[in-house]
Amino acid sequence: MTVAAGLGYALIALGPALSIFAGVVARKPFLVLTLLTSTLFWLISLIILSGIWRVFLPITSGAWWPYVILILTSVAFQEGIRLVFWRLYKKMEEMLDSFADRISKPRLCLTDKMLISLAGGLGHGVAHAVFFCLSLLTPAFGRATFYVERCSRMPFFLISAVIALGFLVIHTFSMIVAFNGYDERKRSDQVFAPVVHLIASVMTLMNLAPDGCVIGTPLLCVMSAVTLQYCWRMVWQRLSEHQHRQFNS
Amino acid sequence: MADAAAAAPVPGEAASSSATVLDSLGEDITRIVTPVSTCMLLVVLLVSLLSSPSSPSPLSAAFTAAGGGGTGTGNGAGGDDITTALVTAVTFVVAVTAATFLLALLFYLRCTPCLRAYLGFSSLSVLLLLGGHVALLLLSRLRFPLDAVSFALLLPNAAAALALAALSPASVPIALHQAALVAIAVLTAFWFTLLPEWTTWALLVAMAAYDVAAVLLPGGPLRVLLELAIERNEEIPALVYEARPVDPRHGQNWRLWRDRQSGGELDANSTVEVIGEMLGTNLGANSAGNLGISATRSDEQVNLAADARNLRPGETSVANLSSDSSSSSAPVEVLPALPETRVSVAEMRVPLIQPQPVRSRDEDDDEDGIGLSSSGAIKLGLGDFIFYSVLVGRAAMYDYMTVYACYLAIIAGLGITLLLLAFYRKALPALPVSIALGVVFYVLTRTLLEAFLMQCSTNLLMF
């Protein structure tokens, strides 16, 4: 539906990511590189998943259980890969710290580490939004629009943009929570990210039912709000503890 | 109570604001990634506006089918098969090799005016002919009202101005110089995407293979050229994109090939050096410990730098370093001897020579002549820009999903090349890793990823 609509859908999906990028990530070049690396990493995870699933596709049967298996395996794989991502990050952090020691600059402080995990999460969210939503938006720049039968109330592009937005928020902020959990070895934070990811993905299964997206999509937005709130609380707590400790020491 | 009052401020506001390593690290890489990305973006835009897809992707085919039956178009024209593609690619590589040897010969004969004239001629012809062609296509596509007389007036003027800007960096603002180089790269890359599909892919792979051979084999033309340049301490006249602004005090940007010095401190701003350091330490390579970097700074910071450099690393004050790095908009920094060369056909492709360490006290402030002068950060030859953009432009002709995947692959390849550079510390070509990754990702995306993502997204299933 014209360039304006196409751009609108793209901005719905990626607008917050763009503002986070412009406001936070673009100021430190290292975070830009982290973002690019993270996006590449999650793209590779998607490619591996599609490689595994290629033989079983296309799923032509109308049954819903193949999709359940698809979602469950994909989420499990991605959460497993997150641990690998964490290991890579730890290695890089060590190198950065040793380098900082060499040139006598202060080591990475807490906000730095959180910024890196934000960039990493943003990379995950951007990879999701770009590959699931943005790459399908090309026809939206043309003259017409498209509806799917199962969700006939809104154009397909709008639904996928909103879902992509929800997942972008979830991925970005659950990465911060997850990294914090691995760092502090807090169980609740460590399981938060996989649980939220799983619940959100299972919610999209509701879209398989006719008009299921009317229920599924608002619930997804609720999940992203929950993630945001949890992350906010955790960061606030951690920063004020850190501040307190610094002041007292 | 002081405690409560002090605890009142918002956590994070009163956080220590001492600059950490994170603030400035990676800036030089970002400064080369940005123009590469811009060039690729412009080529993708041009391709989407001006070209018709060679073979429609399943996505657009699905939409047209759902919309009530479009006719499927055939795949590929008759003349585009593998044998013609290979023949064309091999011919091109042979032509490039011959041209590079000719370039080396001219350089050997110290015929610099010939080289400069050739440079000027080719950049002017690219801007005039290809630029005019693209402009005409755009005008007709966008239905922009412009009469022939104005066009005939505007085009040669713009072409001449940009050619001048591209060739003499010292006489124009740095942004214009960089924009002119990117414009030349965009136009050439767009022209390459007009070739048939198999030919383009064969050409890319052939150029990547040629690059490896030309730089690493002992008889390779690039290596010969490079060694000549080192011997004579001269710059090869060519079109190079330089990531840092050229210091306007210096007339030319000479790059020197020198041995690494011992001693010296590490430069916090140079990511490549950081990588080299980290890799060196990790592998326990002792020789890598002497990175021998000294940063040359522009005038107003010479004193500050001299003070900072006089101290041993352990004593260097943080404030000095951070103010150095943050306040300067054009710090002229020098990287270790990490050469990466890439010469291309027709002066577009240029030796990617990374600047050498220069003793800071010796800095010669005079303009002209072959001097020990400063040089910028990472330089990338225009040929690299062109072939990266050709790959992405060709991916754009299929679908945008391949564009995103290939973009990430190419940037990753660029990063890996810089890593290898920091590790091996010898001349390395810039093209092969990125092109290889790009082609691999293109194939993987087209065969595997697309089907998977389409299946999920059209059912509104996401994870």
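This is a predicted model: local features need pLDDT of at least 70, side-chain atom pairs count only at pLDDT 80 or more; totals for chains, interfaces and linings use all residues.

Reader: What are the helix content and the end-to-end C-alpha distance of residues 121-142 of chain B?

Author: That span is 100% helix and 0% strand, with its end C-alpha atoms 30 Å apart. An unreviewed UniProt entry places the feature "transmembrane region" at several stretches of chain B, including residues 121-142 and 404-424.

Reader: How is the area buried between chain A and chain B to be read?

Author: The size of an interface is often given as the accessible area lost when the parts come together. Here about 6300 Å² is buried between the two chains, and carbon and sulfur atoms give 76% of it. Phe99(A), Lys105(A) and Phe132(A) supply 11% of the area that chain A buries against chain B, more than any other three residues.

Reader: How many salt bridges and how many residue pairs in polar contact are counted between the chains?

Author: The count of salt bridges between chain A and chain B is zero, while eight residue pairs are in polar contact, with both residues at pLDDT 80 or more.

Reader: Which helix gives the largest share of the side of chain A that touches chain B?

Author: That helix is α2(A), with 15 residues. By class, this side of chain A has 46 nonpolar, 19 polar and seven charged residues. In total, the contact takes 72 residues from chain A and 66 residues from chain B.

Definitions and conventions. Residues are numbered from 1 along each chain as its sequence is written. Chains are lettered from A and ligands numbered from 1 in the order in which they are written. Side-chain values use heavy atoms; hydrogens and water are left out. Contact means heavy atoms within 4.5 Å. Buried area is the accessible area (1.4 Å probe) that two parts lose on being put together, summed over both. A salt bridge is a side-chain nitrogen of Lys or Arg within 4 Å of a carboxyl oxygen of Asp or Glu. A polar contact is a pair of N or O atoms within 3.5 Å; within protein, one must be able to donate a hydrogen and the other to accept it, and residues adjacent in sequence count only if both atoms are side-chain atoms. Helices (H or I, at least four residues) and strands (E, at least two) are DSSP runs, numbered from the N terminus. Ala, Val, Leu, Ile, Met, Phe, Trp, Tyr, Cys and Pro count as nonpolar, Asp, Glu, Lys and Arg as charged, and the others, Gly among them, as polar. UniProt positions are given in the numbering used here, feature names are shortened, and annotations may be inferred rather than shown by experiment.
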